[in-house]
Amino acid sequence: MDLRDFYLLAALIACLRLDSALAQELIYTIREELPENVPIGNIPKDLNISHINAATGTSASLVYRLVSKAGDAPLVKVSSNTGEIFTTSNRIDREKLCAGASYAEENECFFELEVVILPNDFFRLIKIKIIVKDTNDNAPMFPSPVINISIPENTLINSRFPIPSATDPDTGFNGVQHYELLNGQSVFGLDIVETPEGEKWPQLIVQQNLDREQKDTYVMKIKVEDGGTPQKSSTAILQVTVSDVNDNRPVFKESQVEVHIPENAPVGTSVIQLHATDADIGSNAEIRYIFGAQVAPATKRFFALNNTTGLITVQRSLDREETAIHKVTVLASDGSSTPARATVTINVTDVNDNPPNIDLRYIISPINGTVYLSEKDPINTKIALITVSDKDTDVNGKVICFIEREVPFHLKAVYDNQYLLETSSLLDYEGTKEFSFKIVASDSGKPSLNQTALVRVKLEDENDNPPIFSQPVIELSVSENNRRGLYLTTISATDEDSGKNADIVYQLGPNASFFDLDRKTGVLTASRVFDREEQERFIFTVTARDNGTPPLQSQAAVIVTVLDENDNSPKFTHNHFQFFVSENLPKYSTVGVITVTDADAGENKAVTLSILNDNENFVLDPYSGVIKSNVSFDREQQSSYTFDVKAVDGGQPPRSSTAKVTINVMDVNDNSPVVIYPPSNTSFKLVPLSAIPGSVVAEVFAVDIDTGMNAELKYTIVSGNNKGLFRIDPVTGNITLEEKPTPNDVGLHRLVVNISDLGYPKSLHTLVLVFLYVNDTAGNASYIYDLIRRTMETPLDRNIGDSSQPYQNEDYLTIMIAIVAGAMVVIVVIFVTVLVRCRHASRFKAAQRSKQGAEWMSPNQENKQNKKKKRKKRKSPKSSLLNFVTIEESKPDDAVHEPINGTISLPAELEEQSIGRFDWGTAPPTTFKPNSPDLAKHYKSASPQSAFHLKPDTPVSVKKHHVIQELPLDNTFVGGCDTLSKRSSTSSDHFSASECSSQGGFKTKGPLHTRQGCFSDDDRSKHPIQNMGC
C-alpha cells in the first residue's frame, strides 16, 4: 500500500465518522416571491442551542455567520447576534431556482446553505435546507395565440379533436386547472381529458353536423385558468377549418414507449423508430410524423424526428446533469383531422464525465488568497468549510476528500459531502511561518477523476504583555482659579516585552479636556483654569499603550479634586418671583417660598434672606425662604403686593444679591350673576304666529363682577318649555323659536331661565322670568299684564302656556253659578208666592211684594259673598308663593361640604295628586345642582314635569350661596337676604356676599320684593351696570 492509498483510506474513514455535535441540519419551508426581511426561522430556538459551555460552565455571546461564496447574491441573511434567518432583497423565484427540472406537486424545490456558530468553543456547523413552495405568479399560456384545427366535414356528432394544451410554470393547483370554450356557436363543445401523468388535455367536441359547402371556417376563443389565488387566465383564438374527409386514422403499434440512451451518445445516434399503419390507401394512407404541441422547445433542440420514417435521432450533445428525462409526443397523421398519438420517454443514463468539484469557503477571511493565523490560536481552530460534489450519479458521484501531505491541519467530516478544515495541533511561529498544501477530491468512477484546491496559511507573531501602571488610582488636589500649564504629576508605566512591543505612549481618556499629558514622558499639566462651581471633581483615565501588533494597553484612573474659593454671589432661581393666593386666605398663611442658591461650598454657600421694603405685610423666614402673610387678602381692595428680597452668603468678604417678589390675589367666586335684561319679571315679548323657527324672540343678559371663569355665564331654560317650542343659547342668552307656533300654542308662555357662572369650586346662579305671548297681535296689553299677574300664583315648575283660558272660564263659571242660583231662588219664591196668593190673595199682597223684593236681593248678596270667598281662596296660593320651602340644615362637620336634609313643602291640594319626585342623580347637565338656588322647584306643578325634591342625603356646600332667592316682580332674582348691598366688592370674606341671619334652617315669607336687585347709595358708583334698572 503506497502513501496515496493510505490517504484515501484515512479520508474515507473520516467521511464515515460524522461529528453529530458539530453538524446539525434544519429544514424550513417558505413560499416564493416573499418580500425583504420576512422571518424564516430562529437557529438557536429551533435547535435549542444553549449559550453555556458544557465543559467550562461559562456563558458567551454566540456569533452566527453565513458561509457563502465571494460574489454570490444571497437569497437569505442570518442575524449574527440572534441567529434569526430573514429574506433579502434578492427575489426567490421557484421557477428560476429550479429551472430545467420537472417538479411535480410532490417534488420539492429547495436550496441549501450553511451557517457556522462562533467562537471556537461553541462551534457548530448548521446545514439548512429551505424548501420553496410555489405561488401563483404565472398565468397559463397556450403555445400560440391562434390555434388552427382542421375537421372533416363528415365528422360524427360527439367526435373529439385534441387542442394544443396550455402550459403553466407553476405547479400543483397553481397549474392548469380548467379550460372553457367561448362563443362555441352551439356547433362545438369542450371536454377535458386528464392523462395518467396528471396533464389536462382539452378536446373539441363536434355537437352538430358539419357542411363545408355551407360554412368552412369557425372562429372561437378558448380560455384556460389555473387554480391559484388570485386566479390567472389567458385566451387564444381557436380557428376550426372544415375539410374533406379521410375516414381512417393511422394507428401506432405502441402508444407508450420508454428507451434509454447514454449521455455521451454522439450526434446522429438513433434513439427509436416509431411505426404507424393506416388502413386507407393512396394519398390517404401516406403517414407523416411530427412532434406534438406539448413537446418542450428544449427537447426539440436535442432530438430530431424524420417526418417520413418516424426515426428519432440525437441532434445535439446530451447532458444528463442538465436534463435526465425527455418526454416526446409524436403524432402520426395521414392528412386526416385525427392523428395517432404516441408518447416516448427517453431516459438519459449517466457516464463518469464530470470530475468532482471542490467548493472552498473560508470561515477566516483570506488576504490575497492567504489565511493569516495567530500563533496563539487554539487547536481545532476552524479555517474553512469545504463542500465536494459530483454531477454524476451512483458510483460515479461518490467522492472522498483528503489532504495530500502531513501538516498541522486536518479535515473533519460534518456531512456526507462537507468537511471542516481546522488546526490539528498548536502552531509555532518560530518553527514554521507559512504552510501551503493541497486538498484532493476523488470520485469512485472507472477511471477515477480528481480535483484539487490549494490552501495557503501564514502565522503571525503575538504581543502578549500589556504595560503596567505602578498605581492603578492616582489622586490629586488643586485650588480653583489656577494658572494655565500648572504641573500636577508624572504618570509612569512599565512593559515586560522588548523591542517595539515595549515602547510605551501615554494618552488621556475621555472627560480630560482640562488637562495635557506628554505622550512620551507622562507629565500631567492643567490646560485650563478650574472653576469648582462648574466641576468639583475630575475623574478620567490614562492609557499606556505599547507599539506591538496588535498593541496592548492598560489604564489607570486619575481623580483631581478642585478646592473652593468664595467667588460666587447668591443666585435666586428667579429674578422676579410671582405667587398667586386666593382672597380671604387666613392671616399667617404660607403664600410662597423663595429659592436661592450659592454655587460655592461650606460657609461660602450659607445664605441668609431678608425683606427690604414690605411695610410688615409679610414675614420671611431667613433660612427656609418661606413667606407668610401678615394680612387678610381681599382682591377687591388690593389685587397685588410687591417687595424686594435680599440674600447674603457667609463668605469673606460676603456677597449678596436681590430679587423682586409679587403676591397676586386671585379672585374667589363670591358674586352671583346680576340680570340686566329683561329689566322686569313682569315684562313680555310678542311672538307672532308667522315667526319662523330660528328667529330670536327674546334676550336675556346678565353680568358677574367676579373675574375669569367665575364671571363666565351659562343660560338654561329650567321650566316652562315642556313643548320644546323655545331654545336659549347657553352663551349669548338669546331665546330663539325652535318650532313654528301653531294655534294650539296661542297664549302666554312663562320661561324660567337659570343663569349660572362657571366658578370653582362652586357655581352660583340666578333665576329670571321671561314671558312670551304667542298671538298675531297684542292689542289688549292690560289683559296680558293681568295674565302675568295671575301666573305669579302658579308654581314655577308648572307650565302656564294655556293658563289664560282657565282664568276666563273661572269668572264665567262664577257668573253662571250665580245666575242659576238666582233663577232657582226666583222660581222657589214664585212658587211660594203663588201658593200663598191662592190662600191669602187679598190679605198679604203688599207684604208679598216686599218679601219678593228682599228674596230677589238675598241670592245676589250671597253670590257676592261667595265670590269674595272664592277670590280669597284664589289668593291663598299667593301667600304660598313666598312660603314655599322649608330647609332644615344640619350643622357643618366638614369645612367644604355638609349634608342637607331638605323637603319641599307643597300645598295640600298638590300633595293629594300623584306627582313624581325629581331624581337629582339622573338630572341632565342643564338642571340645577341640589345646592343651587332654584325657585321653580318650590312651586306646584301644572305641567307633566315632576315636582322637584331634595333627597335627604344630598351633599351641598356649607358656603352661604345655597339660599333660595325670592322673585321680584320688576327685576331679576337676587340673593335671599334683604338687600344686595351686603355684596360689597371690598369684603375680605368672599363667603359674606349673600350671608343670611339663619344658621341651621330658614323659611322665606312675605310679599314679593319689587326692586331687590338695587345697590345701596354707597355702592352705586362701584356697580353702575347692576343698577341700570334701579
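**Notebook: rings, a sheet and a patch**

I note that the model is predicted, so local features need pLDDT of at least 70 and side-chain atom pairs count only at pLDDT 80 or more, while totals for chains, interfaces and linings use all residues. Residues are numbered from 1 along each chain as its sequence is written, and side-chain values use heavy atoms, with hydrogens and water left out.

**Aromatic pairs**

I found 18 aromatic pairs in the structure. Rings of Phe, Tyr and Trp (its six-membered ring) pair if their centres lie within 6.5 Å; planes under 30 degrees apart are stacked, over 60 edge-to-face, and the rest tilted. Phenylalanine 142 and tyrosine 179 have ring centres 6.1 Å apart and planes at 55°, so this pair is tilted. Phenylalanine 142 sits in the loop between strand 7 (124–133) and strand 8 (146–152), and tyrosine 179 in strand 10 (residues 176–182), so the pair ties together parts 37 residues apart in sequence. Strands here are DSSP runs (E, at least two residues), as helices are (H or I, at least four), numbered from the N terminus.

Next I checked phenylalanine 409 and phenylalanine 437. Their ring centres are 5.3 Å apart and their planes at 25°, so the pair is stacked. Phenylalanine 409 lies in strand 28 (residues 409–415) and phenylalanine 437 in strand 30 (residues 434–443). Phenylalanine 409 is buried at 4% relative accessibility. Phenylalanine 437 is buried too, at 1%.

I also noted one aromatic cluster, formed by Phe514, Phe515, Phe530, Phe538 and Phe540.

I then traced an open sheet of four strands, ordered 33-40-39-36, with mixed pairing. Two strands pair if DSSP finds at least two bridges between them. The edges are strand 33 (473–479) and strand 36 (504–508), each pairing on one side only. Strand 39 (residues 537–546) and strand 40 (residues 553–563) pair antiparallel over nine bridges. Isoleucine 539 has isoleucine 559 of strand 40 as its bridge partner.

**A surface patch**

Val828, Phe831, Val832 and Leu835 make a nonpolar patch of about 380 Å². Patch residues have over 30% relative accessible area and no salt bridge; like charges are joined within 9 Å, nonpolar side chains (Val, Leu, Ile, Met, Phe, Trp, Tyr) within 5 Å. A salt bridge is a side-chain nitrogen of Lys or Arg within 4 Å of a carboxyl oxygen of Asp or Glu. Areas come from the Shrake-Rupley method with a 1.4 Å probe; for residues, only the protein chains shown count as cover. Leucine 835 belongs to helix 6 (residues 804–840). Leucine 835 counts as partly exposed, at 43% relative accessibility.

Methods
Buried < 20%, exposed > 50% of the residue type's maximum accessible area, 1.4 Å probe, protein only.
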